[in-house]
Amino acid sequence: MSLDSMTESVDKAVSGFFEPIAGWLGDVVFYSVPVAGTELPLIVAWLVVAGLVFSTWFGLVQIRKFRLAVDVVRGKYDEKGSAGEVNHFQALTAAVSGTVGLGNIAGVAVAVSIGGPGATFWMILCGLLGMATKFVEVTLGVKYREVHPDGTVSGGPMHYLPKGLADRFGKNGKSLGKVLAVLASFMILFFGLFGGNLFQVNQSYAQLVSVAGGENGALGSSAGALFFGILIAALVGIVLLGGIRSIANVTSRLVPAMAGIYIAACLVVILVNVTAVPDAVVTIVEGAFNPEGVAGGVLGALIIGFKRAAFSNEAGLGSAPIAHSAVKTKHPASEGLVALLEPFIDTVIICTMTALTIVIANPASWAEARAGESIGGVTITSDAFGTVLPWFPYILTIAVLLFAISTVLTWGYYCLKAWTHLFGRSKASEITFKVLYTLFAVAGSLLTLQTLIDMADAVLFMLAVINIIGLYLLAPIVKRELNSFMEFVRARKAGETDDADDDQEPVKTTV
């Protein structure tokens with residue numbers, strides 16, 4: 001049996017078994033209600049409402065403390081002797097690498113095709129609201145992290161849900177939190193293996209094949225797919241062995257590089273068509289409030305924009321706090337402020353740059369997609385760049401590869417923390433996971449397993465329901481942490497404290 005027929009058989013067998021489960025789960029998690037001629041997924045409403053509530057609760061912290069967040073990333077408020085493994089900038093880039101990906105390239109194109117240019121406006125608004133949610137969940141992630149005797153750190157919803165609920169509600173809260181922690185760990189692990197690993201490798205391989213001669217090219221064969229999978233797996237395995245420090249060192253270089261390449265390409269298209277920029281901005285704003293040809297009118301454009309942003313920046317899903325928890329700090333809210341920059345980078349900057357490039361370039365494929373023809377999102381984005389940069393598919397391939405590798409690395413770290421929470425932190429347990437994860441990377445170039453990927457998406461967004469309930473219940477703790485950090489900032493500015501500041505209780509160390 002050839003490798004092609006073997007992988008096809010596996011795909012069919014897996015899809016046949018899991019398709020009914022994935023279909024049922026997707027119907028439940030992404031249940032939609034008809035609103036003014038369009039469909040509103042309740043999970044999107046859940047995420048957006050959380051952003052609105054936390055923005056109000058914390059007095060638009062994403063705007064008032066934006067400059068302070070930048071100062072923290074720059075190291076202005078670093079403290080010597082802080083527990084943790086990475087600095088603020090490395091924690092930020094590690095987390096951003098898990099959210100910035102193909103959704104920023106292909107997903108945005110789909111959004112402005114279905115929702116029209118006006119979807120961009122609502123996408124930006126949702127990104128701004130998500131900044132407040134990220135602030136809350138990451139502050140809790142650092143507050144309730146565990147620093148192990150070897151200096152490594154574990155954090156995320158599997159830690160702050162049981163500990164935080166125990167702090168607020170005692171024994172009953174602790175019991176509930178333990179159950180939620182197990183569920184959260186399972187959901188993160190399942191999504192990471194299929195959505196954060198296999199899917200990323202699969203799509204990056206597909207893009208590479210498309211610019212290397214297609215199926216008849218050097219990489220189009222089964223042997224080429226296997227070679228690519230093994231190469232990615234080897235890179236991922238080597239970096240994973242080094243832990244979060246190694247991952248952060250790689251992502252702190254990859255993220256600026258991939259974002260820089262992509263934004264530079266966007267700017268080239270925009271500058272070449274600079275005279276069209278004012279009209280494009282007017283089109284986006286007018287389309288947000290007076291869209292043409294969009295199902296559901298204004299509400300349709302709003303829902304599509306919100307959906308794209310919510311799925312892109314992962315605010316409220318509980319994944320980012322795992323990476324941020326490794327930061328070196330004595331003040332949890334300091335990293336919460338750093339984290340609010342994530343949706344700004346992912347959605348407000350990168351997603352908006354993609355949308356603006358498409359609207360300005362106005363490629364023929366975009367018009368065809370808006371007319372109802374089925375055209376892939378990445379094709380529209382590539383065509384938009386191709387109007388100015390005919391060789392852009394090659395640059396896009398580099399960007400896609402960087403996006404994919406950084407996402408696989410970050411989700412590998414997320415999954416490792418979920419795995420060790422479920423199965424223990426022994427060396428054997430960690431090695432077992434790393435071998436399993438690298439094997440999934442190899443499979444990514446050979447298999448699609450689309451049904452399991454769809455199922456993984458539903459599982460991850462189930463986590464948002466659990467996580468955000470916890471965020472609401474623990475928000476008063478976050479407010480206390482923010483006040484504590486602001487007191488430290490005022491003291492640092494007044495020269496009343498130094499790097500040896502120890503006004504915070506030390507993070508609990510566990511075996």
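Guide: Let me start with a word we'll need: two residues are in contact when heavy atoms of theirs lie within 4.5 Å. Please keep in mind that this is a predicted model. Setting aside neighbours within four places in sequence, Val 138 touches Pro 321, His 324, Glu 335, Gly 336 and Ala 339. Val 138 counts as buried because its relative accessible area is 0%, and the cut-off for buried is under 20%.

Now for the close look: helix α19, residues 427-446. Its 20 residues reach 30 Å from the first C-alpha to the last, close to the 28 Å expected at 1.5 Å a residue. The buried residues of α19 include Ser 429, Phe 433, Lys 434, Tyr 437 and Phe 440, as well as Ala 441, Val 442, Ala 443 and Gly 444. What do they pack against? The buried residues of α19 pack against α8 (157-211), α9 and α18 (392-423).

Let's take α18 among these partners. Two packed helices are described by the angle between their axes and the distance between the axes. For α18 and α19, the axes come within 10 Å and cross at roughly 140°. Angles over 145 degrees would count as roughly antiparallel, so α18 and α19 are classed as oblique to each other. Their crossing is right-handed.

Which residues make this meeting? From α18 come Val 408, Trp 411, Gly 412, Cys 415, Leu 416, Trp 419, Thr 420 and Phe 423, and from α19 come Ser 429, Glu 430, Thr 432, Phe 433, Lys 434, Leu 436 and Tyr 437. An α-helix has 3.6 residues a turn, so residues three or four places apart point the same way. With that in mind, follow Ser 429, Phe 433 and Tyr 437 along α19: they are among the residues that meet α18, and they are also among the buried ones.

The buried residues of α9 include Gly 224, Ala 225, Phe 228, Gly 229, Ile 232, Ala 233, Val 236 and Gly 237.

Note on methods:
Residues are numbered from 1 along each chain as its sequence is written. This is a predicted model: local features need pLDDT of at least 70, side-chain atom pairs count only at pLDDT 80 or more; totals for chains, interfaces and linings use all residues. Side-chain values use heavy atoms; hydrogens and water are left out. Buried means under 20% relative accessible area, exposed over 50%, partly exposed in between (1.4 Å probe, protein chains only). Helices (H or I, at least four residues) and strands (E, at least two) are DSSP runs, numbered from the N terminus. The expected span of a helix is 1.5 Å times one less than its number of residues. Axes are lines fitted to C-alpha atoms, for helices over the stretch in contact, and angles run from 0 to 180 degrees between N-to-C directions. Angles under 35 degrees count as roughly parallel, over 145 as roughly antiparallel, 65 to 115 as roughly perpendicular and the rest as oblique. A crossing is left-handed if the near helix is turned anticlockwise from the far one by less than a right angle, and right-handed if clockwise.
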